Amino acid sequence: MSLEELISHCKKGDRKAQAQLYRQFASILFGICLKYSRNKTEAQDNLHDSFMTIFDKIGQYSGKGSFEGWMKRITVNTVLQKYRKEEHLNIVSENSAIEVKVDDVYAEIDLQTLLKYIQELPNKYRLTFNLYVLDGYSHKEISQQLGTSVGTSKSNLARARVLLKEKIETAKNKAIIGFILVFIQNLM
């Protein structure tokens, strides 16, 4: 069945078509959910909620533009709306911004470890970091999505970078100490 036919059947509420659409796009959308969630369980919940919204709103898809892009947008919005409702996003004063460049530090660790560190960030920092760095949103767009000011978006991004840099530096220091201890033990 073509994608157009699949969408048409989903618009009619066809459960088999919905299941096929889920199988076809779940892994892509799960990757997005994983970026914005604290762990896999939360990402699975977010994926489920996203598909519920997709199936509920599929009648609004006009066929213009990428269907996958449309679903990705719904997924991001569903996750962000969930966090707004749960009041996980606390406003940070614009005066607390700390500018730190840590892009070179990111390059020193593998993607899986970086994703783990991102997932450990507090929600407001994780969401801002993902929207800005990974998805390319502007601070103006982020402030609209999260219901904060542009300055708060910038502040949250700066704080996320500081926290990530600290996690990476701590991990590097532990690795160096471990290496030194093993080296000393081998000398004895």
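Predicted model: local features only at pLDDT ≥ 70, side-chain atom pairs only at ≥ 80, totals over all residues.

Me: Which residues of α2 are buried?

Reply: They are Ala17, Gln18, Leu21, Phe25, Ala26, Leu29, Ile32, Cys33, Leu34, Lys35 and Tyr36.

Me: Where is the kink in helix α2 centred?

Reply: The kink, of about 55 degrees, is centred on Ala26, in a helix that covers residues 15-36. At the start of α2, look at Asp14: one of its side-chain oxygens comes within 2.9 Å of the backbone nitrogen of Lys16.

Me: How many helices and strands does the protein chain have?

Reply: The chain has nine helices and zero strands. Buried residues account for 41% of its 188 residues.

Me: What should I look for in a core?

Reply: In soluble globular proteins, nonpolar side chains tend to be buried together. Here the largest nonpolar core holds 33 residues, and those with the most contacts inside it are Leu21, Phe51, Ile54, Phe67, Trp70, Met71 and Leu131. Two or more residues each come from α1, α2, α3, α4, α7 and α8 (139-146). The largest share, nine residues, is from α2.

Me: What does Leu131 touch, leaving out residues up to four places away in sequence?

Reply: Leu131 touches Tyr36, Val76, Leu80, Gly136, Tyr137, Ile142 and Leu146. There is also a second, separate core of eleven residues, among them Leu114, Tyr125, Phe129 and Ala160.

Definitions and conventions:
Residues numbered from 1 in each chain as written. Heavy atoms only, no water. Bend = angle between axes of the 7 residues up to and from the residue. Helix = DSSP H or I, 4+ residues; strand = E, 2+ residues; numbered from the N terminus. Buried < 20%, exposed > 50% of the residue type's maximum accessible area, 1.4 Å probe, protein only. Polar contact = N/O pair within 3.5 Å; in protein donor to acceptor, adjacent residues only side chain to side chain. Core = buried A, V, L, I, M, F, W, Y, C linked by side-chain atoms within 4.5 Å. Contact = heavy atoms within 4.5 Å.
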